[in-house]
Amino acid sequence: MRIGLGEDTHRLVAGGPLRLGGIDIPHDHHAQGHSDADVLLHAVTDALLGAAGLPDIGQLFPDDLEENRHRDSAEMLYVAYEHVQRAGFNSVNLDCVIAAESPKLAPHKEAVCRRMAEILAIEPSRVNIKAKTGEGVGPIGEQKIIQARCVALLEKKREL
Ligand code: MG
């Protein structure tokens with residue numbers, strides 16, 4: 001068993017929708033970034049890579065490369081998980097925390113879990129998401145940023 005931690009932050013700017021966990025959530029702000037700025041998938045990608053002892057998302061997909069501009073983070077996660085599996089590991093489970101003042105994420109949690117499980121080809125029950133606000137204070141509470149954290153557990157593939 002190997003455990004990994006991933007964390008990411010993106011600036012929020014006016015205009016929706018908000019891309020989060022591979023789906024577009026209706027909102028009046030979106031996350032800004034070189035790729036599609038999916039803060040949750042970036043945290044998940046780094047947690048999986050970290051658990052496998054592989055280079056991080058910034059090394060795998062440099063943000064100064066034109067080919068990574070507006071890149072679909074679902075595709076980056078898929079490619080990263082291929083690296084993880086080639087290194088001999090399978091995902092056991094992911095546990096994530098999203099910190100955003102708004103929108104309310106509860107109505108979207110199930111769809112996000114399903115989408116993340118679909119990208120990784122694992123059971124949705126192996127993906128968990130919790131949503132927190134910033135209690136109206138600080139950069140999260142003032143809706144200047146959105147953050148995500150993820151811990152990922154991997155198991156070594158069984159030799160046949
Ligand atoms: Mg990012």
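Which residues in H1 meet which residues in H4? Leu-40, Leu-41, Val-44 and Leu-48 in H1 meet Val-112, Met-116, Ile-119 and Leu-120 in H4, where contact means heavy atoms within 4.5 Å.

## Basis of the model

This is a predicted model, in which local features need pLDDT of at least 70 and side-chain atom pairs count only at pLDDT 80 or more, while totals for chains, interfaces and linings use all residues. Residues are numbered from 1 along each chain as its sequence is written, and side-chain values use heavy atoms, with hydrogens and water left out. Helices (H or I, at least four residues) and strands (E, at least two) are DSSP runs numbered from the N terminus.

## Helix packing around H4

Helix H1 (residues 39-52) packs against helix H4 (residues 109-120) at an angle of about 45°, with the axes 12 Å apart. Axes are lines fitted to C-alpha atoms, for helices over the stretch in contact, and angles run from 0 to 180 degrees between N-to-C directions. H1 and H4 are therefore oblique to each other; angles under 35 degrees count as roughly parallel, over 145 as roughly antiparallel, 65 to 115 as roughly perpendicular and the rest as oblique. Their crossing is right-handed, that is, the near helix is turned clockwise from the far one by less than a right angle. The contact of H1 with H4 comprises 8 nonpolar, no polar and no charged residues. Here Ala, Val, Leu, Ile, Met, Phe, Trp, Tyr, Cys and Pro count as nonpolar, Asp, Glu, Lys and Arg as charged, and the others, Gly among them, as polar.

Helix H3 (residues 73-86) also crosses H4 at roughly 45°, their axes coming within 9 Å, which makes H3 oblique to H4. This crossing is right-handed. Ala-74, Leu-77, Tyr-78 and Tyr-81 in H3 meet Arg-115, Ile-119 and Leu-120 in H4, a contact with 6 nonpolar, no polar and 1 charged residues.

## Backbone geometry

Most residues other than glycine have a negative phi, and most peptide bonds are trans. A cis peptide bond joins Gly-16 and Pro-17, with omega about -5°; Pro-17 is in the loop between strands S1 (2-14) and S2 (18-20). Another cis bond, with omega about 0°, joins Ser-102 and Pro-103, and Pro-103 is in the loop between strand S5 (89-99) and H4. His-70, although not a glycine, has a positive phi of about 60° and lies in the loop between H2 and H3.
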